[in-house]
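Please report on the backbone, sheet, core and aromatic pairs of this predicted model. Keep it short and give the cut-offs.

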Amino acid sequence: MDKIRAVICEDEARIRRGIERLISGFQGWEVIGTFSDGALLLEAMEDQPLELDVLVTDVKMPNVGGVELIKKLNQTHSVFSVIISGYEDFEIVQEALREGASDYILKPINRKKLETRFHIIREKVSASRKTNQQSAQNAQETKDLTYTKQVQLLNEMMLKSEMETADLEWTELFPAGKFVLLNASVDNLSFNKNIFTDSDWKTWIFAIENIIGETSQQFSNEKHKNCWWWRGEKSSYWFLLWFPEEEKDQFDLTAGFAEVLQRNLQSYTPLTFSIAFEHYFNELALLPSMREKILSLMQLRIIRGSNRIYHPALLTEIHNESKNDTSKNIYLEIQKIVVSIEKLELETVEKKLNILFNELKKLASPEAVQKSIRFYLFRVIVYLFKDDNRGYEFLYPIFLKLKNTSDFEQLKSDIISWTKDVINEKQSVDFHLNQIDKAKYWIQQNIADSITISKIAEEVYMNPTYFCEVFKKQTGETVLDYVTRVRIEKAKELLTQTNLKIQEISEHVGYKDAKYFSKLFHQYTGELPSKYRNIYHIK
């Protein structure tokens, strides 16, 4: 058993040394510090906290006395305190016990009596240690079980195409705040799997997951944030980082985590990884949508290469690099197209695209054509979505066509069609101010039906992620909070004005599970539906 660690506070040096000798001679005890005043101990604790179990202190000292010392120490530490004093004052005894003193011993000190008392204290400290260790173990086991359940839920929900707003009870297992989703994917997977034996590949996967686990834990411990990770498809891994709502540096913290993770994986394995992450989001129901955006972002490897970290802000950087590879004539033609796009002159855009492709025919090589077209694609996206770093998800499909199409006329047709689609998307988003009111009205009219964020966004012709961002900015609440509030308000109306059963009301407002409905209703109103009806029902 570890020794009991004691600290002595006594202003008389002779008595202090005597107490130290006595306690040091008791079995299972050690004195780790002695002080002539309570103030000196408190200062020492601020500089370098002592891991003490028992405080032995005099009552009266020049600056900070024993009772005050116990009171201050108990605010930050859990210790057993013993008062030793030459004053037989009942009020002092009472005050000391009130502040948490475990014992009160009068001077002069009798060695045998003191040893007996300290044996009892030792048993109490030992019992307290066991209790604390068991509590810590139980807490860790609970934390581990919760983490495992959270990861299982994240893995399941990521694969869903959309989530019904009435079936989001699972999100209550997660703290409210900002979330950032990341993906880390092995580069050149097919090549790497072919050069390793199955046994070696399993060994490296084991090593990779150990590195990921340690890096994620380090992030959680050092940054006081949460990090969940789980396996994805094709030797990729997903990470969900959590930040409190007031956090402003989530981008830098996420980028830092990605850099450390990538560096650790590259240092200890023969593989390279590319990592992609998106902007933060508040709604866990957006996981499937964020997953698709990140997979699209990861496809920038086609032009940017492997072993990189991809994020939306990188779009501008790639655009500027592409500009340097584009001839002056072609750059001017592209600028003319952008001006026509600004004026929404779709017919003119198509005509100018034909002129652009006539210029592209004059280029010396297919590679030069591809570079110029890439610059055009980036130029359009950066221009149209310059205010919100969006639109890159439109690049992946056209990149594939650019890579796989050898027919020049077909490529021209694909680029014209792509341009029209992107313009239409931007036009629909630009009506977002009126669209939010339309979305709220649609929710109110459809609360009995299955409602997902994707469905609402589709009704108002907006991207689900962007819709959530705009909705929160304009209304001050999340989409899910608004849907739930509207449903609860309708339920209150039905409870007070009809004789429908609770189950029927639950279904009328979109909840198939009456128990979950009752739980939500209680969270929002402070009353169960049945009690609310009894109080407010209109007869």
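## Two loops with positive phi

Asn 188 sits in the loop between strand E6 (178–186) and helix H6 (189–195). Helices (H or I, at least four residues) and strands (E, at least two) are DSSP runs, numbered from the N terminus. Phi of Asn 188 is near 50 degrees, a positive value in a residue other than glycine.

Lys 234 belongs to the loop between strand E7 (226–231) and strand E8 (236–243). Its phi is near 55 degrees, again positive in a residue other than glycine. Lys 234 counts as exposed, because its relative accessibility is 69%. Buried means under 20% relative accessible area, exposed over 50%, and partly exposed in between (1.4 Å probe, protein chains only).

## Basis of the model

The model is predicted: local features need pLDDT of at least 70, side-chain atom pairs count only at pLDDT 80 or more, and totals for chains, interfaces and linings use all residues. Residues are numbered from 1 along each chain as its sequence is written, and side-chain values use heavy atoms, with hydrogens and water left out.

## Domains

The chain is divided into domain 1 (4–132), domain 2 (171–320) and domain 3 (431–536). These bounds come from an automatic or database domain assignment. The centres of domain 1 and domain 3, taken over C-alpha atoms, are separated by 59 Å.

## The parallel sheet

Five strands form an open sheet in the order E2-E1-E3-E4-E5, with parallel pairing. Two strands pair if DSSP finds at least two bridges between them. Strand E2 (29–35) and strand E5 (101–106) are the edge strands, each pairing on one side only. Neighbouring strands are turned by 20 degrees against each other on average, direction ignored. Axes are lines fitted to C-alpha atoms, for helices over the stretch in contact, and angles run from 0 to 180 degrees between N-to-C directions.

Strand E1 (residues 4–9) pairs with E2 in the parallel sense over six bridges. Val 7 stands opposite Gly 33 in E2. Helix H1 (residues 13–25) packs on the sheet and touches E1, E2, strand E3 (54–58) and strand E4 (80–85). Its direction makes about 165 degrees with that of E2. Helix H5 (residues 111–158) also packs on the sheet, touching E1, E2, E3, E4 and E5. The direction of H5 makes about 170 degrees with that of E5. Contact means heavy atoms within 4.5 Å.

## Nonpolar cores

The largest nonpolar core has 93 residues; Leu 181, Leu 240, Tyr 376 and Phe 467 touch the most other members. Such a core is a set of buried Ala, Val, Leu, Ile, Met, Phe, Trp, Tyr and Cys residues joined through side-chain atoms within 4.5 Å. Helix H14 (residues 366–384) gives the most to this core, with ten residues. At least three residues come from each of domain 2 (171–320) and domain 3 (431–536).

Apart from this core lies another, of 28 residues, among them Ile 212, Phe 239, Ile 275 and Ile 309.

## Aromatic pairs

A search of the whole structure finds 20 aromatic pairs. Rings of Phe, Tyr and Trp (its six-membered ring) pair if their centres lie within 6.5 Å; planes under 30 degrees apart count as stacked, over 60 as edge-to-face and the rest as tilted. The rings of Tyr 376 and Trp 418 have centres 6.4 Å apart and planes at 65 degrees, so this pair is edge-to-face. Both residues are buried.
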